[in-house]
Amino acid sequence: MSKIKLMSHLVAGYPTEELSFAAASAMVRGGASILEIQLAFSDPSADGPAIQGACTEVLSHNYKVKDGLAFIERVHKAFPEVSIYLMSYGSLIYTPGVENFCKRASEAGVTGMIIPDLPFDHDEGLTAACKKYGMDNIPVASPSMSEERLSKLAHAGFKYIYAALRVGITGTQTVIDQATLDFLSKVGAGGSKVYGGFGISNGEQSKAIASSVEAVIAGSVFVRLIKENAGDKEALSKAVEAKARELCGL
Amino acid sequence: MYSDNGFFDNFGGKYVAEVLRRPLDELETAFHHYMQDPQFLAELAEIQRDYIGRETPLLYAPRATELLGGAKIYIKLEGLANTGAHKINNAIGQVLLAKHMGKKRIIAETGAGQHGVATAAACAKLGMDCTVYMGEVDVRRQQPNVASMELYGAKVVAVTSGARTLKDAVNEAMRDWAAHPDTTHYVLGSALGPAPFPDIVHHFQSVIGNEVKRQCAERGIDIGAMVACVGGGSNSIGFFSPFIDEDSPRLIGAEAGGVGPNIGENASRMTGNASREGIVQGYKSRFLLDDDGQSLPTRSISAGLDYMGIGPQLAALGMKGRIEFTSILDKEALAALNFFAKNEGVLFALESAHAGAAAMKIAKEIPKDKAIIINMSGRGDKDVFISSPVFRPNEWKNFLESELERLNENKDIHNAKIMGESK
């Protein structure tokens, strides 16, 4: 079987600037093709306890958006072949001005924006600003969407759509069944490439959806590994790289 | 009077992840349906009369009027509603709506605990399972309300994420709802959050303003100004409701001025310079945010006003000048609490005391033949743990110490030693 394309998630600056850079490097060594880098927000209501805890800790170190963008730039310079998507919340994008934020993100090396609380049909100009600066707005689809709304999203002309495979929030186990695969095909019905994730934590799950998606997304599993190994850079790097390999089917 | 497709001018909206979209859309449809259903409305009216205790009185305050030397002062005694505050109006309305929608389980957020108490009571009354999310910091400082919620049979979950206060309880409730949209209804307690909540809460709270309008018409009262406190804004939008599309009377919102004008010292979103337009917790409004868009800490002696955002309709009405906003310091609210207790025999909740203080400031601006109506949205019994350490610190400390000693020794109150005996 060929290598599975992996989008792996990390929170910029968690648990420290150096360790999050070590985690990003380990993900790339383990085979990740895309890094989804989250900028910590004070009220991340679409995230579960593991990611929210990480965000709270980062913010307690007075970590600013400019620090997060500098981190992204550093990762981009170290691994120019890897795509970087920025994940955060509408408040951080809207407050400085959507276009201004997108310009800064693009200059740091971001090529896609994942902002779950700016709805695709009321996005405050996010899609247009992304286009202007050579990035993609990547909306998030959920299985709980009505057929009508899901179809509207699938046919809205987005290059990529992020499919959250489970109702609820990040970080708990997801079972891959026929309903999951049906959902993925509906998300891709309009020709968008589909990234699939939410609760993906092992190679078996990753293999089960690999052929239905452009890339497999894994988030909370990495946040947990990073937290468990926060005291030991070498162990952290090893664990993260091994998990990335497993998810890539290597 | 209500939103234009979820928006009030530029504010409001439904800024949520797609996972919450369907429950919100379904709620919106059900709300519009049941508001036209005579059976639902009759059931609601009966509960409002017999369980909440409506209508609540509009009290003339002659000594306050004389001492303040201006307009006639009236107090809408909304705090006489069952469970002690206006929060029950919305809680009963939404729980009844959820029951008609076929939901089995209710969740709610609470800060000070008043909305949690009201929702727990409404669930007990209407036979629904109830879980209340409350920041761990608030659980510690509002134990009497936690005890009441548990007596009503609710499960109180202490939220340990983020700042462990009201906004974090909202986040946790949204997560629960996102995971259980089919069985569960989320009873949001204030006139904010994503659409349709601002309209729903406004609607169920408009009973306050509609009563005031009727009471004034019956008694020939000429209203010069109406004053309410504004946290998220549920009591104020309901109280102002029948007047917002008219040119008069003056509508005045009192925000928490806390201990001062600097960041972290207050919860003033419409006055002062610490606030800005933003999108947080599903809606666009005015928030206390830093330059990056992160929420800022807030402060007020009144837990119910201690929140970073304001309802989108109030923000819109404030920006266009229909509602005037003023900021009331903690110490001014305490002075108003004292003033109305001593002179009128009315004990305001600390939240509502902000409205009392704002009325005291403007009394002379309104002619003597006109009325200022203050919304006492809640009564002050709940604040005994906050007001006692301020007004009678030593006695309160002695009480707590002797009570703890008695509990530790497992003694009946009749056999306990006399308070302060050993001092």
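Select Ala164 and Gly197 in chain A of this predicted model: Ala164(A) stands opposite Gly197(A), which belongs to S8(A). Strand S7 of chain A covers residues 160–164, and five bridges join it in parallel to S8(A).

Now keep strand S8 of chain A, residues 193–197, on its own. Four of its five residues are buried, so the strand is largely enclosed by the rest of the structure. In this setting a residue counts as buried if 20 or more other C-beta atoms lie within 10 Å of its own.

Then trace the chain from S8(A) to S9(A). The path goes through helix H9 of chain A, residues 203–210, and this β-α-β crossover is right-handed.

Show chain B as well and turn to the contact between the two chains. Here 33 residues of chain A are in contact with 27 residues of chain B. On the chain A side, select helix H2 (49–60), helix H4 (90–94) and strand S6 (140–141), each of which supplies at least two residues. H2(A) gives the most, with five residues. Coloured by class, this side of chain A has 16 nonpolar, 13 polar and four charged residues.

Domain 1 of chain B takes in 7–51 + 87–198, and domain 2 takes in 53–83 + 205–384. Over C-alpha atoms, the centres of these two domains of chain B are separated by 22 Å. The contact between them takes 36 residues from domain 1 of chain B and 32 residues from domain 2 of chain B.

Stay on the domain 1 side of that contact. Among the elements of chain B giving two or more residues to it are strand S2 (11–12), helix H2 (38–52), helix H4 (87–100) and helix H8 (166–179). By class, the residues on this side of domain 1 of chain B divide into 17 nonpolar, 13 polar and six charged.

For the last stop, select strand S13 of chain B, residues 323–329. Six of its seven residues are buried, so S13(B) is largely enclosed by the rest of the structure.

Technical notes. Residues are numbered from 1 along each chain as its sequence is written. Chains are lettered from A and ligands numbered from 1 in the order in which they are written. This is a predicted model: local features need pLDDT of at least 70, side-chain atom pairs count only at pLDDT 80 or more; totals for chains, interfaces and linings use all residues. A residue is buried if 20 or more other C-beta atoms lie within 10 Å of its own, exposed if 12 or fewer, and partly exposed in between; C-beta atoms are placed from the backbone. Two strands pair if DSSP finds at least two bridges between them. A crossover is right-handed if, with the strands pointing away from the viewer, the path from the first strand over the helix to the second runs clockwise. Two residues are in contact if their C-beta atoms, placed from the backbone, lie within 7 Å. Ala, Val, Leu, Ile, Met, Phe, Trp, Tyr, Cys and Pro count as nonpolar, Asp, Glu, Lys and Arg as charged, and the others, Gly among them, as polar. Domain bounds come from an automatic or database domain assignment.
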